[in-house]
Amino acid sequence: MNQNRFKDTLGGVMVGVILCLVLVACGGSTTEATNSASQSQSQATTAGQFGATGGQFQTVNSAVTTGTLAQTGSSLNPTGNLNQDIRNVIKTARPAVVLIASEIVRNDFGGLTGRGQQVERGVGSGSIITADGYILTNNHVVEGATKLTVALPDGRSYTGRLIGREGRSNDMAIVKIDPKAGENLPTIPLGDASKLEIGEAVVAIGNALGLEGGPTVTAGIVGAVGRNIEEPGGGQLTDLIQTDAAINPGNSGGPLLNLRGELIGMNTAAPVDQSSGGAAQGIGFAINVSQLRPLIDGYVKGQTVERPYMGVTPQTMTSALAARYQLPINNGVLLTKVEDNSPAQQAGWKAGEIITKMDGKDIRSLNDLSAVLQKHKPGDKVAATIVDRTGKQRETAITFARATN
């Protein structure tokens, strides 16, 4: 089967994309260049607070300082000249896109190498988001690393330490570097991805293929929003930004930017045709930074963040989905999967049903659902309106559990 095709299913299975994903970190000498730093370490993410293994804030180093996120007041004002605007974005953002080199030491119990240990190396990217050195990147860039080296485009290099990560929920991590007194670190402000429009120009920056000379820049448009993808290990990434800006191995963790120079996506995956090994053309995926914002704030402030867990895989309803599967309405959030023994199952929810209201708020999209969840904590009980596949509406209540990493 060509696993680069879109595969739509419903009623107990996934509506989305089944494909061979490259999590676009760049492997070193012990891994293939078209793979992530280590396939075994980077089974991508599940559906966060929606899914079965949503992440709890994890403090890896409790003795951390707190930073201040780069403010949107430092954003650019687009001129209307596309070429000039792209150059302006590159000029301001590229200095804050770092290379993250990871080393993973594994014991060679089988003695295959003739040495006691084996070292795996990988290269990815990250964005400096505070002036004192907090960096946003993908979890699969840093997971399992025994050593992290962070290099800026201007030649400065630092030892990085992992502050926290969302291991299998949002494929995100925060790394900290410590600049010397008086050193100025460039930063990238976070933007509002919920305002993105299809066709809007975007710029991707990252250390593609780990090439010498600093980060590579590509440009394109937003091809779609609200994408959900499933990787072969069963993990789910939800509410993604799709772009035709070229994303290659080494881009993982790097920023997708709007023309204001704001970080609106974190480049993370590209589909590959498993039969031919060739990458799909003009399709790459970035994690929507707006859904990560509460987690980023928590990491940077040194706070513990617990997120509510429902146990579903959701998808924004569209007219196309409604027509294809003969669903009764074309708005709301479709439940494409309900996990066994989850809060959603205990509430009586089933795959193929649609959430139209929660906690008194109309639910028209994943962004609406995320906004409700961000206001709640584990243990909270909220009312929800569900529409089944026959069009029958019922009132339910769900009690959120605690997401565990």
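**Entry 1: helix H3 and its neighbours**

I started with what the buried residues of H3 pack against, and I found E7, E9 and E10. For contact I took heavy atoms within 4.5 Å. Helices (H or I, at least four residues) and strands (E, at least two) are DSSP runs, numbered from the N terminus. This is a predicted model, in which local features need pLDDT of at least 70 and side-chain atom pairs count only at pLDDT 80 or more, while totals for chains, interfaces and linings use all residues. Residues are numbered from 1 along each chain as its sequence is written, and side-chain values use heavy atoms, with hydrogens and water left out.

H3 covers residues 293-301, and its buried residues include Leu 295, Ile 296, Gly 298, Tyr 299 and Val 300. I call a residue buried under 20% relative accessible area, exposed over 50% and partly exposed in between (1.4 Å probe, protein chains only). After H3 comes Gly 302, with a positive phi near 70°.

**Entry 2: the cores**

Which residues touch the most other members of the largest nonpolar core? I noted Ile 129, Met 172 and Ile 296, in a core of 49 residues. A nonpolar core here is a set of buried Ala, Val, Leu, Ile, Met, Phe, Trp, Tyr and Cys residues joined through side-chain atoms within 4.5 Å.

I then followed Ile 296 of H3. Leaving aside residues up to four places away in sequence, Ile 296 touches Leu 69, Ile 129, Leu 136, Met 172, Leu 190 and Val 289. There is also a second, separate core of 20 residues, with Leu 335, Ala 347, Leu 373 and Ala 384 among them.

**Entry 3: strand E10 and its partners**

Next I looked at E10, residues 172-176. 5 of the 5 residues of E10 are buried, so the rest of the structure largely encloses this strand. Met 172, Ile 174 and Lys 176 point one way, whereas Ala 173 and Val 175 point the other way.

I checked E7 (residues 134-137) as well, and both of its faces are covered. Tyr 134 and Leu 136 are buried on one side, Ile 135 and Thr 137 on the other. E7 and E10 run antiparallel and are joined by 4 bridges; I count two strands as paired if DSSP finds at least two bridges between them. Two positions I looked up: Thr 137 stands opposite Ala 173, and Ile 135 has Val 175 as its bridge partner.

E10 also runs antiparallel to E9, with 5 bridges joining them. Here Arg 161 faces Lys 176, and Arg 165 stands opposite Ala 173.

What does the charged end of Lys 176 sit over? I found the ring of Tyr 134, with the charged end 5.4 Å from the ring centre. The cut-offs for this are NZ of Lys or CZ of Arg within 6 Å of the ring centre and within 35 degrees of the ring normal.

**Entry 4**

I moved on to E9 (residues 157-166), where 7 of the 10 residues are buried. E8 (residues 147-151) pairs with E9 in the antiparallel sense over 4 bridges, and Leu 148 has Gly 160 as its bridge partner. The hairpin of E8 and E9 has 5 residues between the strands, and Gly 155 there takes a positive phi near 100°.

In H6 (residues 366-373), I listed Leu 366, Leu 369, Ser 370, Val 372 and Leu 373 as buried. Seen down the axis, these buried residues fall within an arc of 160°, so they line one face of H6; the arc is that of the directions from the helix axis to the C-beta atoms. I had already met Leu 373 in the second core.

Tyr 325 is in H4 (residues 319-325) and is buried at 14% relative accessible area. I looked up its C-alpha separation from that of Gly 352, 27 residues apart along the chain, and noted 9.3 Å.

Leu 209 is not a glycine, yet has a positive phi of about 60°. I found Leu 209 in the loop between E11 (201-206) and E12 (216-230), partly exposed at 47% relative accessibility.

Asp 359 is not a glycine either, and has a positive phi of about 55°. Asp 359 lies in the loop between E20 (354-358) and E21 (361-362), and is partly exposed at 35%.
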